[in-house]
Every structure is written in structure tokens, then in C-alpha cells.
Amino acid sequence: MKIKNISKFIAAFSMCSVMSGTAIAGDVVSGGGASSADKIEGCPSPVILKNFVEFAKTGKMPPAFGKWLNSVEAQQIEPYKLFDNVYNVGICWVNAWVIKTSDGPVLIDTTYGPFFDLMISNMQQIGVDPADLKLVLMTHGHFDHVGGADRLKALTNAPFVMTQAGWDEALEHSKKIPFMEEMKAVPDEHDIVAKDGDIFTVGDTKFRVYETPGHTWGTASYVYDVKDGDREIRAITIGGLGLNGVNDTKQLESYIDSVNRIDAMVESTNNPVRVHVPAHSFASGLTEQVESIQNRKPGEPHPLLKESSLLEQLERLRSNAQQRLSTLKQ
Ligand SMILES: [Zn+2]
């Protein structure tokens, strides 16, 4: 598949990852790291975020960064285990998560275009054949999360799940984005429209759907339990966090409501959500934590279980959205 001018698509659809100063933006703005003109080595969260922030500010994709985003070689990462039943099989800048259940694997998001084969190869590396997938959950209709759906559909009988507005977004984009040109073929009788409160049970794992509009109107988040030894920890994959291009006050208000709703799940005294399994690793600096997760010694707490980190992430998201909202209302 030919990739031409991904920047144009990213600009047009205000894609997911422009975090407008989310979790690690403070580090990025003040911290070191390569300038956008430098060649990007590896998968460094602060540098990626810095470039997206620059792109959001100027509307111009830094050339070296655009090249890096488009490079299959640069985007390739090794799959890794985040929890005993959770593996990232995505690419550097966009995640795809395999959740292993007692009845087979579930996938969250599909990557896209030229990177689809990397995801399949990563899946195979962790022993998952796409034919064995039991369910494919999709967070929202932006190309970087669902652009691989059609190709994946040819490899599996698993039903694909997204909100109605998410399907609509994807179909709308399929008219304009080469990565998604086949999405029109996806919603058939096998596919599922997810609604708030739905629970999809696969073997021993329940996936709860929360509609969390804001990043897009169709954005959903999924809550499920991850395993760490003999413990189960409640986790969330938040469908989308970026606000770039969101200048609609209603949408910003929905975004804030969604953040507040997730916040309440984190602060709940009844089986609270403790961990964010993100759609983009660089947004919360997850990539930089992988090594400590892998090198963790028996008995040590899981590095992602720091009490305050998820609440801090949510607070940053909320205050960014509130700031933008008040600017728009002036
Ligand atoms: Zn998005």
C-alpha cells in the first residue's frame, strides 16, 4: 500500500495522539530530547509528544517526524507483556492490545495501512493466530485505530465492536483515507454496535463498554480486569485523549464529562480502576516504563500501580479541556 502524505490525513482528522500537553507534556516542554528536526531514534515518548505538540501549534508536520511516522522500519517495535494476560502488539506510535482470556484472545484496535503486517507479526510472536481471535474491540473511528479492520476481518471470524458513532466516523473517513477504503465493507451481520453499559464476556474476562465522547463523538473506553500473579486489577483502555482540532464547546463539555466519569471509576471504593492500558503509549510515557515492568523482581509492585499516576493523568486532561473551553467562550 502506498502511503502518501499521512500528514494531510492527520491534520484533516485531528487524530488521536495530539495530547495538547497531557501526561508528560511538562517534561517534554522543559526537558531535553531531540528537536523536531533531528532524526528520531527508537520510540521515545517525550520526543514524539513534543513533535505532536509542535504540529498542533503550527499546523505543520515537522518533516523528520512525518518521515518517521510513515516509516515501517521506524514504527516496528517488539511485542511486550504488560500484565500476565495483556500484550502490546501494536507499533511505536499506536497500540493494539491482546487480552488473553480462558476462551481465546481479544484484540483492542487494529493499527492501519502499512503497519498492519507488523501487528500480525507481533501477534504471532506472542503465540496468537489472528484466526483465533474471539472479539475485536475498537475504540473510535480514527484511521490509526481501525484502519486495519478490513484486512483483519479477512483473517478472523471474530466480531468487531464499536459504538454507532464510531462506525459512522470510520465510514466517513473511509471515503477519504486510503488506509480505510474498505471500511465500508466492515459493518455486516457479524459486527456489533456497542452501547454504554454493554458487557462482552469472553471466557473468564468481562469487557465493559463506556461511551466516553470527547476526543471524537464515537469514542468508547473499555474496562476489564488484568492479571498480575494471583491478583486481578481493574484496567481501562481510554479510547482517545487528544484534543487537537476539538473546538466545539459541546464536544469539549462532553470530553470533560467523560474524564469526570473515568475519574469517578478510579476514585470508586468498589473495585476501582487502577491502571490505564493506553491507546497511545507516548501519551503517558508507557514506553519508558516497559523496561522496569520487564525487569521487575518477584514481590515488587507492578510499576503501573502507582496510586496517583492515573488521577494525575486525568487531572491534566481535564484542565487542558477546561482551558480550551474557557478560551473558546471568551
Ligand atoms: Zn483518535
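These notebook entries record what I looked up in the predicted model.

**Entry 1: ground rules**

I number residues from 1 along each chain as its sequence is written. The model is predicted, and local features need pLDDT of at least 70, side-chain atom pairs count only at pLDDT 80 or more, and totals for chains, interfaces and linings use all residues.

**Entry 2: the chain as a whole**

I began with the inventory and found 13 helices and 12 strands in the protein chain. Helices (H or I, at least four residues) and strands (E, at least two) are DSSP runs, numbered from the N terminus. I then looked up burial: of the 330 residues in the protein chain, buried ones make up 50%. A residue is buried if 20 or more other C-beta atoms lie within 10 Å of its own, exposed if 12 or fewer, and partly exposed in between, with C-beta atoms placed from the backbone. For contacts in the protein chain between residues at least 6 apart in sequence, I noted that 70% join residues at least 24 apart. Two residues are in contact if their C-beta atoms, placed from the backbone, lie within 7 Å.

I followed an open sheet of 7 strands in the order 1-2-3-4-5-6-7, with mixed pairing. Strand 1 (80-83) and strand 7 (192-194) stand at its edges with a single partner strand each, so one side of each is left without a neighbour in the sheet. From one strand to the next, the twist averages 30°. Axes are lines fitted to C-alpha atoms, for helices over the stretch in contact, and angles run from 0 to 180 degrees between N-to-C directions.

Within this sheet I checked strand 5 (residues 135-137) and strand 6 (residues 160-163), which run parallel and are joined by 2 bridges. Two strands pair if DSSP finds at least two bridges between them. The bridge partner of Leu137 in strand 6 is Val161. Helix 9 (residues 164-174) packs on the sheet and touches strand 6 and strand 7, and its direction makes about 100° with that of strand 6.

I also looked up Asp109, which lies in the loop between strand 4 (104-108) and helix 6 (116-125). Asp109 has a positive phi of about 70° although it is not a glycine. Asp109 counts as buried because it has 29 C-beta neighbours inside 10 Å.

I next traced an open sheet of 5 strands, ordered 8-9-10-11-12, whose pairing is mixed. Strand 8 (199-202) and strand 12 (275-276) are at the edges, each with a single partner strand, so each has one side left without a neighbour in the sheet.

Strand 9 (residues 205-211) and strand 10 (residues 220-228) run antiparallel and are joined by 4 bridges, with Tyr222 in strand 10 as the bridge partner of Val209. Strand 10 then pairs with strand 11 in the antiparallel sense over 7 bridges; here Tyr224 has Ala235 in strand 11 as its bridge partner. These two strands form a hairpin with 2 residues between them, and Gly229 in the turn has a positive phi of about 60°. Strand 11 (residues 231-237) runs parallel to strand 12, with 2 bridges joining them, and Ile236 stands opposite His276 in strand 12.

In the loop between helix 10 and strand 12 I found Asn271. Asn271 has a positive phi of about 50° although it is not a glycine. Asn271 is exposed, because 12 other C-beta atoms lie within 10 Å.

**Entry 3: helix 10 against helix 13**

I examined helix 10 (residues 249-267) and helix 13 (residues 309-329), whose axes come within 9 Å and cross at roughly 160°. That makes helix 10 roughly antiparallel to helix 13, a label given to angles over 145 degrees. The residues making the contact include Leu252, Ile256 and Val259 of helix 10 and Leu314, Ala321 and Leu325 of helix 13.

Lastly I looked up Gln251, which lies in helix 10. Gln251 is partly exposed, because 19 other C-beta atoms lie within 10 Å. Leaving aside its neighbours within four places in sequence, Gln251 is in contact with Gly214, Trp217 and Val246. Gln251 and Leu325 are 74 residues apart in sequence and 9.6 Å apart in space, C-alpha to C-alpha.

Technical notes:
Angles under 35 degrees count as roughly parallel, over 145 as roughly antiparallel, 65 to 115 as roughly perpendicular and the rest as oblique.
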